[in-house]
Each structure stands twice: as structure tokens, then as C-alpha cells.
Amino acid sequence: MQEGSPVVATRLENGLTVLVQSLRHAPVVSCWIWYRVGSRNEPPGLTGVSHWVEHMLFKGTPRFPPGSIFRQVNRWGGILNGFTWLDYTAYFETLPTPGWELALEIEADRMVAASFDPAEVERERTVILSERAGSENQPGTYLREEVVAAAFRAHPYGHPVIGYREDLLHITRDELYQHYRTFYQPNNAILVVVGDVEPVAALQAVEHHFGGIPAGRLPPALRVTEPEQWGERRVTVRRPAPTAQLLMAWRVPAASHPDIPALLVLDAVLSGGKPVAFGGSGMGRSARLYRALVAPGLCTAAVSSMSLTLDPFLFTISATLTPLVEPRHVEQLVDDVVRRIREDPVSEEELARAKRQLAVQFAAANESAQSRAALLGSLAVVCPERSPEQLWWEIEAVTSDDLLRVANTYLRPEHRTVGWLEPSPEDEGSLGQASVVGARCVPLAEPETVAPRSWFREVPDNPAEPVVLPRVQLAPTADYLANGAYFVGQEVSASRLAVVSVRIPAGAARDEKRPGLASVTGQLLSRGTRRRNEASLNEELDRLGATLTVGVGRDAVDVSLSCLVEALDAALPLFAEVLLEPAFPAEQLESVRQQALTALRQAEQSTRARADALLRALIYPPGHPYHHRVLGTAETLETLSSEEVRAFHETFYRPAGAVVAVAGGVNLGRVRASIEQALVSWQGEAPRLTIPPVEASVTGQRRSESLPAKQQADVALGIVAVPRQHPDFEALRLANVVLGRLGLMGRIGARVRERSGLAYYAASTLETGVGPGYWSAYAGVAPVHVERVIAEIVEEIERFRDEGPEARELADAKTALAGTIVLGLATAGGVAGALLDLAFYGLGLDYLERLPELLAGIDETMVRDAALRYFDPKRLHIVVVGPSQETVLSASEPQR
């Protein structure tokens, strides 16, 4: 792993640890503060108190009244977030360089001056209970909680970060405030600043804002040590669920232990290299669990995972089964995988593949200021003696013997906890309560971030002076390849990664009368080619540390390759092979079919996904290309043939109309020539993609559905909107930002969540594409509040249509929108995605540069006029999907 600028570390007199690193390829600074407090620091009866305190720090101080933090960050075009986990609570702001010191002002102030207004505490109680209920809508939540609780009999890692409902009902304002005052001290915190800064000047700014805060009394140390586990523990959770799930867990050491690097490599051998900072995606389709369970079609997912923690936590293996598979068979296969990793040395080739994948993940974590700051801060909390570079050097030194040793030390049968989620009939159980056999329990493998979220609030009373809209400075190269595909690329000299993506107008809108055909075709691309089967293709990609993904949307399919720059020459032929020469073998079609049917069953059991699907079906009439799910229908999925898939690929996967985008630390001219050569045989033109217009219904319809054993309802209100190229799009997008994105989810969030305290999330979105998109408002609420929430959303829409946005509101929406785009270009993948959009939708390669002027030309009247044209409450469709009446009645009773 290449090192960038050195990290400058210091400690202020009050004990605040400060880490600063320059990363100056983009005009962005990310500022994080980490407090050494999480669910680990909560006694019985106060579970969830750390997460609740985190919520309260977004509720204002005397200096920053409620709402002003978020709008001031929005005004600079920045983003902010907060989240709570086992060992820490973290907050961050990522801002364009000119406004970065606002982050220091905010964090220094709320370190000591958070208000904890009693009325706000009570409103937030309802919000957190809603958040908890939303999580309980997913059957896997019960499995995770039971397994982790069974694995820990003494340590507070055994309870969920969000807390138990019984505790959340009774925690008081004084208990919250006492927890805040105990742990929010400069000598219990780490401040990390990464980005376009000069370290000396940054440290001076930190001293100015934080130096005057006095040190506090050190919080009490945790004295609990989890007893040794001497025998296997088992739990079974029976819930209405689309399919069975397995979760196995073994306790492994704390982040500071010498065996951690070997365990990270072991995890990569089992299921691929994982992101080392927040965000990103996993790798490793040649890894052992994928080969044993996913490739044969037995499971839709099978992964291992481990986390770096202050105290010993868990190494887990989880699997989601397809419906027809016998659970005992899957457990036996997992046992075989674990047995072999304990008995047989990992080959040097397999070891090298795992390390290569981790090298790519480290490179991705160092690409942007935000991800680099996240990696620095999280390691500084749980393992301050290990820098990212030190951890990587230790990973490089791991041997096959090390893997054998740690597998035999930790993955022992007598040390594991095994949990099964067994689907039960809809009428079984105690009306919404989990039926659990075995020990009681909690979370799992990956960091249980109780909701990193974007925070948006109302207009402050004392706004800062308007700021200049952030500007994008891209200089892409573009022309047509000989086969008619449009090539566009941008060099990102600071990146070690190369990204190549092609977008083809072959999405679900091409399905016609076979919904799901485009999706299945896309999934099959990487399941084997005419030259090699799936296993050999995956092994070669993993050997190179390359990730090849296929994403099927409504208008198009994106095929993307990401790898280290030095691996691109070897990876490009594989990319072309997958795109041009898929084999579509019959056995792989059957495997994909079962996995797609499982995904469809899961979507049908999700209140949010079901509400979205029902709303779409009301907005777009039957037969319209946008009417159905991208995933398709069970009827089509069960009958699709290899001949149909081949014909779809032959007809629609053509270069004319396709866009090829390249970004990263590459020589663009050289890469373009390589792509031209790799795709020389790709010829032809597909039928033109045309999407018919849709007229909004004269009167909106309402539809309600119930799902078994759910705790929360999802509400969606929507109406047809405009295509991406429509002249009203920009004004409509600004209207959506004000209504449902700006501040804490815009006016809708401010009304439903902040003032009424009725929902964890309440926001709006504007979907668009080649054809007419749609606007929707949505919320996750307790069933008893459904009608009130619908009424409040409609009232906010009517008020916006009557009054339009305020001048300050619109100005903030413009900077928030422009700033989000700037921040999204901090990585090679972000740049490649932006280039695809610019070219595919015909926006012009200078669109991002022109955007500030374009937005500046839109005034309050134009935004209000767009709302009057498109947001007619009488024509809104309304969908409610939630618990059955029996579940609602049960949930209203005291929980025991």
C-alpha cells in the first residue's frame, strides 16, 4: 500500500487527540470526531442510551439552535452524519475547502453545550422506537439479536446498539444528559481532519476551537470480561420470512491482538476482501463460501465477516438460503468449509488472491478524504498502536501457517454459536412476537451502525452570508469508438484505481411481456463465458484483485470493472469477454432463477419494497415499460429459457447507443486504445429505446396491504413527473430538495419527524430517466399514526404549492445540490458514474461546470410553478403497507 502525506498527530493540553493528513487532489475536507462510547458502555436498563445521545446532539445548542447546524452545512454544499456502534460514537462533516472550519465550530460547541430539551427528548423517544420497529420489520434482525446475545453472557456486546424496546420506553432525560456529560470530554475523544488542508494551519484552527474546553474526569473503565465458552450454543428463531437464514459466530480477539491480521486474511479467503472503511463493496466470487453455496444456487448470499473492536467480538458466517434447499444440507456444507480451512493449508495462490483483494480495499479507503478519515479514526479508537499502513504491512506478512493456526485456535466447534431463522406460517407465533427456541440473544458480524444518516433541517433564524456555489472542474476526453460506442474518460492522477464502465440501453424497459428478462440476462453475464466457466473466470478476476459488477436498471445495464491501475491490462480482456461472449449455460440459468425468486420473495415481505412496487404499478399503467419491478415477476422468472436470454443479449447488447466511461490513475490515451482493441468485434445497433409518456391520473388511487409479523407501516405518496432531459427537471429537482431532502429530510421531515416525532424517516425522492420519472414522498411510521402522517405530508405539499420556497431555502437547496455533486467526484468510481450519466442522458460533458449558472437562473416563482404543475395532491396515489390488525393490537400491549 502506497503512503500519502504523513499523518500529523498531536494531543492538546486538555487531552484531545488530533490526527491531520493532507489529501489535496480534490477541494474537499472531511472532519470527524470519535468519542470512546458505544453500546459497550451501557449498563443493564440503559441499553440504547449512547445511540439516543447521538440523536440528541443533532437537536441543537444555545449557539446552534435546532436546525441551524444542518442548514449551515448545506449552505456550504457539505454533508454531515452521525452513527453509534459497539465501541464508539462518531460525527463527521465533509465540506468544500473554503467552509471546512464550520465543522470545528459545530463539534467544539456540541461537545459541551448540547441542550437535551425535555420536549425534544420525548419526541426523539418516538423516533427511536420507530427506528427500532423498522429494523424489526426485517426477520433477520431477530436472528442477529438472538445469536449475539447467546454468544455473550456477561459482556455488553450482547445487547443491540439501538437498545431494547423496554429500556427505550423508560430512559429519562436526566439519564441521557448524565451519559453525555460522562463521556463527551476532550480527553475521551479523537478528532480527525483529512483533505485539502495544510497541517500546521489545520492544527492552529483546531487549537482555536477546542483548546479552551477543559478536560473532564475520565469515564469509568469497563471491568467485564466475557467468560470462556466451553460448548456449542444454538438458537432457533421462528418468524414469517421468505426463506431460511443461517448465522454462525465464534468469538475472536480484540483489534490489538497479534492474530488480527491473519484473521482478516482468513475472512478474505472464506468470502473475499471486505471494505476496510465504511462504504464500498466486498469482493471474492472465487472465495470458498461463494463456491460452496452461491455458485451452485443453494444460497443467494454466503459471507464471513469480522470486525475490529476494543474487546473480543465475533467472527461470523451467514447464509441466506433459496426456498427449496434443505437447511441441514447448507449447515453441513458450511461445516465442511470450516473443517477444510482448519485441516488443510491454504495454497500460496489462494493466499495471494486474498491479499490482492485486501490491497484493493486499502487503496479504495485511501481514495477520498472521507473514507481515509473514517479508517484513521476507527483504528485510532480500537487499536491506536496500529496505523492503516502498519496493519497493511502485517497483513502482507501473513503466511499459510498463520491461517491454519488461527483457524484452529478460534473456529472450534465447541466455541461457536449457531442460529437459524426458520420461516413459520403467517398465523403461527404470538402475533408479531418472535418465537425463540434456546438462549436469548443480539447483532452480528458487520459493524451495527445504528443508522449513519444524512441530516437535514429547517431554515435557521440567523443564517450565514450566502456562499458561492461549489464548482466542478472536469476535463473529460470524449469521442466515438470505431464500433459506434461513445467513449468518455477522465484521468484522476491521485487514484491508484482504474474504473471502466459501459452503459447499454438494455434495462428492464426492454422486457416487454417478459418482466425480469433483462435482469436475469445481466446476472448471467458473469456466470461463465464461451472461453471459461464461472469458477475459472472468478479465480482469474480475484487473482488480479479486480471486481466486475453488473447492475440492471430500468433504462440500461451497467457493466463495470474496478482494479488497481497495474492490473488493468490483464483485466480488460476479461471485461470484454463477459460483455461480448457470455455462455448462458443452462445450469447457471437455473441457479440465477432460484436466487431471483428468493430475492423477489424477500421484496414481497418488505413493507418498504412492497409499497414502492405498488406505487409504481399505480403510476405507470399495465404494459408501460416502467410498470413492473426490474426484478420481474414469479411467473416470468419460473419460465424463462436460455433461448430467450441469448436472444435478448443478441438483440440489445450492441455498441451503438452505448457509453464507455473510464476514470482513475490511468493514461487515458493508452486505455482508450486497449478498449478499442478489446471491443473490436462488438458491432451492431439495437432497436431504439423509446418510453411512452404517461398522464397523471385525474384522481389519485389508494391501496393498502398488510404483511404478517411486521411492527411498522411504510407509507408512499407519488405522482408521475418528467424525463431527465425535460426543461422542468431542474426546477422540479430543487422543489424536491426543499420538500424532502434539505435539512432533516426537508419540510416533510421537519414536520413529520422533528415537530411531530412520528417517524424515523420521512422524506421525498425524484426518480428520473429516459422516460417520465415520478416524485414520491415516503415515511416509516407506527400503524396508529398512518392517517396523521399522510395528512401532514399532504399539508406540506399544499403549503409549498401555495407559497413556494423561501429565498434562503432555495439558495440553500442550490448549494446543497451542487455540493453533493462535487463531493461525489472524490473517487474514480464517482467520476466514472458521473461521466456515464452525462453522456447517456445527453446532458453535455460541460453540464457539471454549467450547473451553478443553470441553478442560479431558477427563482422561487419557477420552483413554485413546477410544484403547481406536478405536485397536485388530488392526483397523488397513496400506498400503505404494514402490519395486520392483529399485530397492531398485540404491539400496543405492554411488552414482557
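Eight cavities of 30 Å³ or more are counted in this predicted model, a cavity being a set of points, on a 1 Å grid over the protein atoms alone, where a 1.4 Å probe fits but cannot get out. Grid points are joined across faces, edges and corners, and a volume is the space filled by probe spheres set on the points. Because the model is predicted, local features need pLDDT of at least 70 and side-chain atom pairs count only at pLDDT 80 or more, while totals for chains, interfaces and linings use all residues. Residues are numbered from 1 along each chain as its sequence is written, and side-chain values use heavy atoms, with hydrogens and water left out.

The second largest cavity has a volume of about 50 Å³, and its lining (residues with an atom within 4 Å of a point) consists of Ala268, Val269, Ser286, Ala287, Glu350, Arg353, Ala354, Gln357 and Asp542.

The lining of the second largest pocket comprises 14 nonpolar, five polar and four charged residues.

The secondary structure of the protein comes to 31 helices and 23 strands, taken as DSSP runs numbered from the N terminus (helices H or I, at least four residues; strands E, at least two). Six of the strands form an open sheet of mixed pairing in the order β13-β14-β18-β15-β17-β16, two strands being paired if DSSP finds at least two bridges between them. Its edge strands, β13 (477-480) and β16, each pair on one side only, and the twist averages 15° from one strand to the next. Within this sheet, β15 (residues 497-504) and β18 (residues 659-664) pair in the antiparallel sense over six bridges, with Val499 opposite Ala663 in β18. Strands β16 (residues 547-552) and β17 (residues 557-564) are likewise antiparallel over six bridges and form a hairpin with four residues between them; Gly551 stands opposite Asp558 in β17.

Five strands form another open sheet, also mixed, in the order β19-β23-β20-β22-β21. The edge strands here are β19 (702-707) and β21 (759-767), each of which pairs on one side only, and the twist averages 15° from one strand to the next. Strand β19 runs parallel to β23 (residues 877-883), to which six bridges join it, and the bridge partner of Glu705 in β23 is Val881. Helix α24 (residues 729-740) packs on this sheet, touching β21 and β22 (774-781) through contacts defined as heavy atoms within 4.5 Å. The direction of α24 makes about 180° with that of β21, where axes are lines fitted to C-alpha atoms, for helices over the stretch in contact, and angles run from 0 to 180 degrees between N-to-C directions.

Overall, the C-alpha atoms fill a box of roughly 70 × 70 × 65 Å along the principal axes.

Technical notes
Nonpolar A, V, L, I, M, F, W, Y, C, P; charged D, E, K, R; others polar. 1 Å grid on protein atoms, 1.4 Å probe; cavity = no way out; pocket = protein on both sides within 12 Å on 5 of 7 lines; lining within 4 Å.
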